[in-house]
Amino acid sequence: MTVFAVDPQVLKDTVATTLGDKAQSLKLERGEVTVTVKVADYLEAMQTLRDAPGCKFEQLVDLCGVDYSAYRDSVWEGPRFCVVSHLLSVNLNQRLRVKVFCADDDLPMLPSLMHVWASANWFEREAFDLYGILFEGHIDLRRILTDYGFIGHPFRKDFPLSGHVEMRYDEELRRVVYQPVTIEPREITPRVIREDNYGGLH
């Protein structure tokens with residue numbers, strides 16, 4: 001039996017009805033539905049989206065952090081850190097994007113979704129490692145991509161391109177050691193040089 005994808009407008013209406021005032025905003029753009037919820041409603045809203053009859057989002061296929069400190073080359077007035085989740089309902093053949101902004105820029109924190117979807121485990125560890133977003137209730141929140149002694153969070157937009165420390169093998173100590181970065185940071189602006197009539201254009 002073929003299950004056809006739900007019309008995005010129908011999905012938007014279903015999510016609006018299901019979440020009620022927990023849906024801070026709902027958008028339908030390019031055939032995709034995005035719902036934004038508040039931190040206080042985040043966990044309950046996600047459980048509802050998993051279990052409600054018209055939603056049935058049994059899979060969390062992705063969760064990632066976003067740093068809005070600079071957005072489209074303009075000043076961003078809202079909260080700095082956001083977590084974006086992508087949900088899939090295999091049963092109903094539909095997808096949904098969920099956004100939630102962390103309330104505190106200095107200590108971004110959200111409830112963990114580990115007990116709603118097991119796949120949140122590694123996704124949340126990645127968002128913690130790269131953006132410094134904490135997930136309350138996560139049973140093993142530690143770095144997953146950077147080294148154990150790594151300082152900072154490399155996907156934050158204020159993180160230096162060269163990092164803070166570098167490592168090398170020390171012949172005398174016969175082990176790997178960490179030291180402050182020895183290269184000078186610089187910005188490289190790419191130059192594109194094309195000959196006249198490149199690609200046959202005049």
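User: Which side chain makes a polar contact with the side chain of Thr-182?
Analyst: In this predicted model, Thr-182 lies in the segment after strand 11. Its side chain makes a polar contact at 2.8 Å, and the partner is the side chain of Glu-166.

User: Is Thr-182 buried or exposed?
Analyst: A residue counts as exposed when its relative accessible area is over 50%. Thr-182 has a relative accessibility of 55%, so this residue is exposed.

User: How far apart in space are Thr-182 and Ser-162?
Analyst: Along the sequence, Thr-182 and Ser-162 are 20 residues apart. From C-alpha to C-alpha, the distance in space between them is 9.5 Å.

User: What percentage of the residues in the chain is buried?
Analyst: Burial requires a relative accessible area under 20%. The chain has 202 residues, and the buried share of them is 33%.

User: Which element gives the largest share of the nonpolar patch?
Analyst: A nonpolar surface patch of about 580 Å² is made by Ile-151, Val-165, Met-167, Tyr-169, Val-176 and Tyr-178. Two elements give two or more residues to this patch, namely strand 10 (165-170) and strand 11 (175-180). The largest share, three residues, comes from strand 10.

User: Is Tyr-169 buried, exposed or partly exposed?
Analyst: Tyr-169 lies in strand 10 and is one of the residues that make the nonpolar patch. Values between 20% and 50% fall in the middle class. The relative accessible area of Tyr-169 is 46%, so this residue is partly exposed.

User: Which backbone nitrogen lies 2.8 Å from a polar atom of the side chain of Asp-170?
Analyst: Asp-170 is placed in strand 10 and is buried, with a relative accessible area of 12%. Its side chain makes a polar contact at 3.4 Å with the side chain of Arg-168. The backbone nitrogen that lies 2.8 Å from a polar atom of the Asp-170 side chain belongs to Leu-173.

User: Leaving aside neighbours within four places in sequence, which residues are in contact with Asp-170?
Analyst: Contact here means heavy atoms within 4.5 Å. With those neighbours left aside, the residues in contact with Asp-170 are Arg-175 and Val-177.

User: Which backbone oxygen lies 2.9 Å from a polar atom of the side chain of Ser-89?
Analyst: Ser-89 lies in strand 6 (residues 81-89), where it is buried with a relative accessible area of 0%. Its side chain reaches the backbone oxygen of Cys-55 at 3.4 Å. The backbone oxygen at 2.9 Å is that of Lys-56.

Methods: Residues numbered from 1 in each chain as written. Predicted model: local features only at pLDDT ≥ 70, side-chain atom pairs only at ≥ 80, totals over all residues. Heavy atoms only, no water. Patch = residues over 30% accessible without salt bridge, like charges linked within 9 Å, V, L, I, M, F, W, Y side chains within 5 Å. Areas by Shrake-Rupley, 256 points an atom, 1.4 Å probe, with all protein chains shown as cover. Salt bridge = Lys/Arg side-chain N within 4 Å of Asp/Glu carboxyl O. Helix = DSSP H or I, 4+ residues; strand = E, 2+ residues; numbered from the N terminus. Buried < 20%, exposed > 50% of the residue type's maximum accessible area, 1.4 Å probe, protein only. Polar contact = N/O pair within 3.5 Å; in protein donor to acceptor, adjacent residues only side chain to side chain.
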